[in-house]
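Please keep the structure in view while reading.

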Amino acid sequence: MNKKRILGAALALFTAMSMSAATYTFKIAKPIEDMKLQIHWCTSGEKSELEVQNGVATLSKNDFTAQYVRVYYGRAFAMNLYLEPDKDLTVDCNAEAREFNCTGAAATINNYLIKSPFAVLDFNAAAKEEVDFIKSSDSVYNANLALLKKANLPAYFAKKEQQRLLFKSYAMFPMYMSYHPYLKKMDSYTPTALYTNKLKEVAIIDGNCLEYAEYGDFIMNAVFCQAFQGGDRSKELMAFMDANVKDAKVKSYITNAYAYDVVSSSGLDGKDELIAYFHKNVSDPKLVDKFDKVCKQWEGLKAGCISPSFTATDINGKMVSLSSLKGKYVYIDVWATWCGPCRGELPYMTKLEEQYAGKDIHFVSLSCDSNKSAWEKRIQKGDMKGIQLHLGTNSDFMQKYIINGIPRFILLDREGKIIKADAPRPSDPKTVQLFEQLLGK
């Protein structure tokens, strides 16, 4: 065989080897009907959704660099794994027994990831004074590094893992600035240089670190706690980012997360500067498209637009529609019995209803409880006033109003047009001021 044939055969063999995909198999005990398994790829940002058939989900893939992934199966379990394109992996998952085990070529690293008793810092540790809190944080990191050393893993992975453990171990560190005064019942708290210097030490601004699932939330919290000073949060964040965050990837990541959350939850009013800042710093076509879509959706929820409608049932089974409430202002509370913040607003809602009884305004509480009986039991106590209705979870009304979190309050005029799609809560003094302004006309 001549040299050209040998070279050609070797090249063909190499190509065939490089094209062969690794297989990742997930065996799930007691699978949930119609529940899909999701894999979030930390480096690429890609998401894979796998069908689970007879308790087994399988993915074959070779077109990626080795990376951490986050695996989710509904609320049953979530886990970190490290997948490599040339190493098969099988994961046995028994969420009920909290037993997980890996086999295959990639088993050693991944058993370390899913079985290690990683140390974490308890929320109450933030009550400690700065010196002791920093020592506790350092101890958590050192304990996790000891686990890594004991596992004796390949050097290429251990180097990455050491950095991931930094962000995992210090996850609560940025939260100290808000948790400490809360736990100590302090009116105000200003951290010393001891704390701020340590925060700068661990809060590395490096877009390459986004390959670790823990880094995203960590660096956002680190930036937020330094940027927010009690004024206009969006302006404070933009100013801080321009002055201190030079890495384009990190800047894009934080800008996208913050701007999308703010706009999707509270709309476009007063957000022109933030929207422009988003488009200046975020260029990923998928992220831009997602953001533009939610902005467009909010365009239809501006003041003066006709409100999306609803039809819901009262405690007696009678159907009540939004159109039947025309002629008066309508203040809507979207809530659920299981929601703590929702329950916290109920006394203030009752006070408002009593204060404006007989006035030109309807108070409507729309329950999005999936468990209708829980709502019925709450209403049957008889202490809730106003118009009490059950809307349920899969509501077109909630989707059109982009309600991703509750409680949510909406204010409409007498003709069913939107005054505020994200109105102030009953506990906010601005609500009474707004009502007085409207009803005084």
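In this predicted model, the second largest pocket holds about 640 Å³ of space. Its lining comprises 31 residues, and those closest to the centre are Ser265, Ser266, Arg408, Asp422 and Ala423. Helix H9 (248-266), strand E14 (408-412), strand E15 (418-420) and helix H15 (429-439) each contribute at least two lining residues. The greatest contribution comes from H9, with four residues. Sorted by class, the lining has 14 nonpolar, seven polar and ten charged residues.

The structure also contains 32 aromatic pairs. Two of them are set out below.

| Pair | Centre to centre | Angle between planes | Geometry |
|---|---|---|---|
| Phenylalanine 123 and tyrosine 179 | 4.9 Å | 70° | edge-to-face |
| Phenylalanine 167 and phenylalanine 218 | 5.5 Å | 45° | tilted |

Phenylalanine 123 lies in the loop between helix H2 (107-115) and helix H3 (130-151), while tyrosine 179 belongs to helix H5 (residues 176-183), 56 residues apart. Phenylalanine 123 counts as partly exposed because its relative accessibility is 33%. Tyrosine 179 is likewise partly exposed, with a relative accessible area of 25%.

The tilted pair joins phenylalanine 167 in helix H4 (residues 155-169) to phenylalanine 218 in helix H7 (residues 213-227), 51 residues apart. Phenylalanine 167 has 0% relative accessibility and therefore counts as buried. Phenylalanine 218 is buried as well, at a relative accessible area of 2%. Both residues belong to a cluster linked by ring pairs, which also includes Tyr68, Tyr82, Tyr112 and Phe118.

Charged groups meet rings too. The charged end of arginine 164 sits over the ring of phenylalanine 118, 5.6 Å from its centre.

How values were computed: Residues numbered from 1 in each chain as written. Predicted model: local features only at pLDDT ≥ 70, side-chain atom pairs only at ≥ 80, totals over all residues. Heavy atoms only, no water. 1 Å grid on protein atoms, 1.4 Å probe; cavity = no way out; pocket = protein on both sides within 12 Å on 5 of 7 lines; lining within 4 Å. Points joined across faces, edges and corners; volume = space filled by probe spheres on them. Nonpolar A, V, L, I, M, F, W, Y, C, P; charged D, E, K, R; others polar. Phe/Tyr/Trp six-rings, centres within 6.5 Å; stacked < 30°, edge-to-face > 60°. Buried < 20%, exposed > 50% of the residue type's maximum accessible area, 1.4 Å probe, protein only. Lys NZ or Arg CZ within 6 Å of the ring centre and 35° of its normal.
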